[in-house]
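Morning, everyone. I have one structure to walk through today, and I'll keep it short. Please look at the screen.

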Amino acid sequence: MLSCRQMTELVTAYAEGKLSFGDRLRFQMHLGMCRHCRRYVRQVKVTVRALPHVPVAAPPPAVRDELLARFRNWSPGPPEGVPP
Ligand SMILES: [Zn+2]
């Protein structure tokens, strides 16, 4: 049996349809018995749908390298605490 705390950890995956069959079953069993979680899940589902799809992937290596090079060149002098 899932605890309410475990429910909050699974709810995003549930709303996105990423739970395994077994997890979804346990999730829905808890939902059937816990109206607090039912309300919570409903809110999360609305939020997930409202959010635009935001990719969380890191920037491509070329972009990252260029940024790092700019940070290096930007430094006006040696950082504090580092001997020249
Ligand atoms: Zn609950």
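One term before we start. A crossing of two helices is right-handed if the near helix is turned clockwise from the far one by less than a right angle, and left-handed if anticlockwise.

Now, the model. It is a predicted one. The protein has 4 helices and 0 strands. Read from the N terminus, the order is α-α-α-α. Of the 84 residues in the protein, 5% are buried. Now take the contacts with a separation of 6 or more: 55% of them join residues 24 or more positions apart.

Let's go to the first pair of helices. Helix α1 covers residues 4-15, and helix α3 covers residues 35-50. How do α1 and α3 pack? Their angle is about 30°, and their axes are 10 Å apart. The cut-off for roughly parallel is under 35 degrees, so α1 and α3 are roughly parallel to each other. The crossing of α1 with α3 is right-handed.

Who touches whom? On the α1 side we have C4, M7, V11, T12, Y14 and A15. On the α3 side they meet H36, C37, Y40, V41, V44, K45 and V48. By class, this contact has 10 nonpolar, 2 polar and 1 charged residues.

Stay with T12 for a moment. T12 sits in helix α1. Buried would take 20 or more. T12 and V48 are 36 residues apart in sequence, yet C-alpha to C-alpha they are 7.8 Å apart in space.

Next, the second pair. α1 and α2 pack at an angle of about 120°, with axes 11 Å apart. That makes α1 oblique to α2. Here the crossing is left-handed. From α1, the contact uses M7, L10 and Y14. From α2, it uses D23, R24, F27 and H30. By class, that is 4 nonpolar, 1 polar and 2 charged residues. Note M7 and Y14: both are listed in the contact with α3, and both are listed in the contact with α2.

Last, α2 itself, residues 21-33.

Technical notes
Residues are numbered from 1 along each chain as its sequence is written. This is a predicted model: local features need pLDDT of at least 70, side-chain atom pairs count only at pLDDT 80 or more; totals for chains, interfaces and linings use all residues. Helices (H or I, at least four residues) and strands (E, at least two) are DSSP runs, numbered from the N terminus. A residue is buried if 20 or more other C-beta atoms lie within 10 Å of its own, exposed if 12 or fewer, and partly exposed in between; C-beta atoms are placed from the backbone. Two residues are in contact if their C-beta atoms, placed from the backbone, lie within 7 Å. Axes are lines fitted to C-alpha atoms, for helices over the stretch in contact, and angles run from 0 to 180 degrees between N-to-C directions. Angles under 35 degrees count as roughly parallel, over 145 as roughly antiparallel, 65 to 115 as roughly perpendicular and the rest as oblique. Ala, Val, Leu, Ile, Met, Phe, Trp, Tyr, Cys and Pro count as nonpolar, Asp, Glu, Lys and Arg as charged, and the others, Gly among them, as polar. The expected span of a helix is 1.5 Å times one less than its number of residues.
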